[in-house]
Structure formats: C-alpha cells, structure tokens
Amino acid sequence: MIYFDNAATTPMDENVIEVMTSIMKSEYGNPSALYSTGRTARMIINESRETIAHDIGACPEEIIFTSGGTESDNSVINMIQNIGTPGKSNVVISRIEHHAILKPAVLLQQKGYEVRYVNVDQDGIVDINDLLKKIDEHTLLVSVMLANNEIGTIQPIQSICTLVREKNPSTYIQTDAVQAIGHMHVNVKELGVDYMSASAHKFNGPKGVGFLYVRKGSYVPSFALGGGQEFGFRSGTENVAGIKGMSVALKNNVDKLFSNTQKISSVVEYIINELDKEKVNYVVNGSKEKRLIGNLNISVNNADGEGLLHLMDLRGISISTGSACNSQKKEPSHVLMAIGCDENRMDGAIRISVGKNNVIDEAKILVDVIKDYTRLIQ
Ligand code: PLP
C-alpha cells in the first residue's frame, strides 16, 4: 500500500503506539482517583500538557484536551451563544474554513447571529481588506484557519491578528491549525491568536484526541459539564493513552521538523518535476509559495478526479479528490469554488498529501499512474 493521503490522517509513529499500548496495559487508573494508579495517570496527563504547551509556545494551563479538531473548532464557534446578543453580534469567518467551523456557524446564523464570510484570492489567501471591512464594534469572533486542508494554503495569521485588534481590540481570534501543527513552525504567542485547534491524528498521533489552546484571559467556552476535568471546562474522564500519544507524536514532529520538511519537499518536487517532464496538462490549486510543504492539490485537464482516485486505488495508492471529511459526498468543494475554479478544474482535482514516511520510489509509481491515466483520457 502506498499512502499519499496524509492530510486525511497520518500513520501513527512506532513510539506512539508503544507508549500508548503500555499505558493501556498498565496505567489504566482513572486520573481523578486519589490512589497511586490514579495519581500516575494524572501525572501522565500533566506531563503531556507541559510537553504540548512547550512545543507550541503556550503555558500548560492554556491547553484543554478534547476529542479532536471538530470538537475544538465547534466549541469556539458555539461559545458565541454564551457571550453574544442575537440580532446584534456578528462573527467573521473565511469562506474556506473546514466544515467543523462552517456548520456550527450556520447554526449560529439560524439563532440570529450574523455570520460574515470573508473572500479569498485565487491562491486561497484571505482578502485582508474584505476581512477588515467586515469587522465592526459588534464582531465577537474572527475565525481564519492557519493552513487549509484541501489546498494547503497558509494564511498570514500574525498580520491578521494585528490588524483585527487595531480595528476592534475586543474581538476574539480563532485559528484552526489542525493541518499545520507538526508540519510547520507554530507558536501561539507569535501568531497572537486567542484560540487554536489541533488534532493528534494529523501529526502521526492517535485518532479521537486533540486540544484547544485558549489564551490566558480569553473567554473559555464550556465544552461539557460533569466531573470538572480540564479545569472544569471539559468534563469527562480523560483519554490518558491518547493524550500521551499525542504529546509524543507532536514532540517527534517538532524535533524533526527540519529533516521531515526536506524529505517531504524532495518527494513533492520529484512529482512536480516528473509531471512537467512528461508534459502532463495540469495546474496547481492554491498558492505555490505559501502552502503546506506536503500538500499538492492539482487539477489534471479534462480528468475525472474520482476516476483517477479509483485507478490509483487499483494500483494500491491512496489519494483524495477533495478534503477527507467530505470525500464521501459528491458536492463541489467549497474551497475550490472560493478560489474561482471552473467545473473542469474542480472535476479534475486530486489532493496528493505527502508525509514524512513517503519515499521517491512511491512517487515514481504515483506519477506512472497519472501518466497512464492521461493517456487513457486523450
Ligand atoms: N479542521 C481541519 C482543517 C481538518 O483538516 C480536520 C480534519 O480533516 C478537522 C478540522 C477535523 O478534525 P478531526 O478529524 O480531529 O475532528
């Protein structure tokens, strides 16, 4: 099996599997219990929180563990109902956010809050003038993702934070960094955001666990009520093995960011060079410069992306046509639409997402399939 769908999910690192297995076997105590196995589980959580906080430039008490990106994203959008006034307050979000932001925003709208959508340019970069025009004294939240899951475009979050605060210093700023964390340098203090979402399975950790960074002093959404875990904001017995696995996975990726980036770039560059050499008629979707290193979203002229995906599958290769979370549906991608792709370009779009475990030999096979496919449709 050749796996080129690392934006959908990533294989877990060996040492992550080992540490999780050992915790599940031996450290099964409830972290809220007062006896020693409980205390050990609590210690594992505390140490993991410290490691994760350190890796993103945060303080440990600014990290709230969640079940993943969707919960973290949803919670921040939903908190507007706790602090806003229907018919008066508004939130400003980019058109290319993940559905974990867009869908709760639709619910907000139904409850009487105004949702203002910000345009992006043809590379998928947020139009800053449009963003600033949409902010006023009633804007409670701005939500712009750090890196897009479909086209990989990286947003200038740092300048967005500065400009938004100049316009309205009390507006909260959220960024969905699910695709970015573990794949590029991410430091919350440098970015300047109030909220940041992360998900372990996107950086070689386990599925079903993630975190929300909440800047000290920012309003903390209440996720779930019950036993008072996670500083009282997100009740529920913690996923001890998952949390530890996430901290080990993040550390692995942060420590090896430079070498992983070089390795991934060489595979992506190989694919691009070979497609160009073979004169495959394609375009890159999204920014060529400001993109996640492993994300290669291309549209092959006159192709059916899904047909190409199935041909790849027959040859043992996993890729995606759109984002993983909506790949079951045949709706056109809202991201490709937002960057102005026509139907032909949307139909022919595939997302090849390269990870740290991919090698050039796999890329050779992938390019061969694309070559065969383009011959078929000629
Ligand atoms: N946000 C982005 C940008 C994503 O790519 C994803 C998953 O594809 C999510 C949120 C949802 O994360 P999770 O799968 O952890 O719920």
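Q: How many helices and strands are in the protein chain?
A: The protein chain has 14 helices and 12 strands. Both are DSSP runs numbered from the N terminus, with helices being H or I of at least four residues and strands being E of at least two. This is a predicted model, in which local features need pLDDT of at least 70, side-chain atom pairs count only at pLDDT 80 or more, and totals for chains, interfaces and linings use all residues. Residues are numbered from 1 along each chain as its sequence is written, and side-chain values use heavy atoms, with hydrogens and water left out.

Q: What percentage of the residues count as buried?
A: 56% of the 378 residues. Buried means under 20% relative accessible area, exposed over 50%, and partly exposed in between, with a 1.4 Å probe and protein chains only.

Q: Among contacts between residues at least 6 apart in sequence, what percentage join residues at least 24 apart?
A: 73% of them do. A contact here is heavy atoms within 4.5 Å.

Q: Change of topic: how many positive and negative side chains are there?
A: There are 37 positive and 44 negative, and the centres of the two sets lie 2 Å apart. Lys and Arg count as positive, Asp and Glu as negative, while His and the chain ends are not counted. Each charge is placed at NZ of Lys, CZ of Arg, CG of Asp or CD of Glu.

Q: Now helix α7. Which of its residues are buried?
A: In α7 (residues 157-167), the buried ones are Ile157, Ile160, Cys161 and Val164. They sit on the same side of α7 because their arc around the axis is only 100 degrees. That arc is the one of the directions from the helix axis to the C-beta atoms.

Q: What covers them?
A: The cover for the buried residues of α7 includes α6 (128-133), β5 (139-143), β6 (172-176) and α8 (188-191).

Q: Where is Gly245 found?
A: Gly245 is in helix α9 (residues 240-255), and it is buried at 0% relative accessibility. Beyond its neighbours within four places in sequence, Gly245 is in contact with Val16, Val19, Met20 and Pro206.

Q: What about Val248, buried or exposed?
A: Val248 also lies in α9 and is buried, with a relative accessible area of 15%. Apart from neighbours within four places in sequence, its contacts are Asn15, Val16 and Val19.

Q: What is the phi of Asn204?
A: Asn204 has a positive phi of about 70 degrees, although it is not a glycine. Most residues other than glycine have a negative phi. Asn204 is in the loop between β7 (195-199) and β8 (210-214), and is buried at 3% relative accessible area.

Q: And Glu230, where is that?
A: Glu230 is in the loop between β8 and α9. Glu230 has a positive phi of about 50 degrees, again without being a glycine, and counts as buried at 4% relative accessibility.
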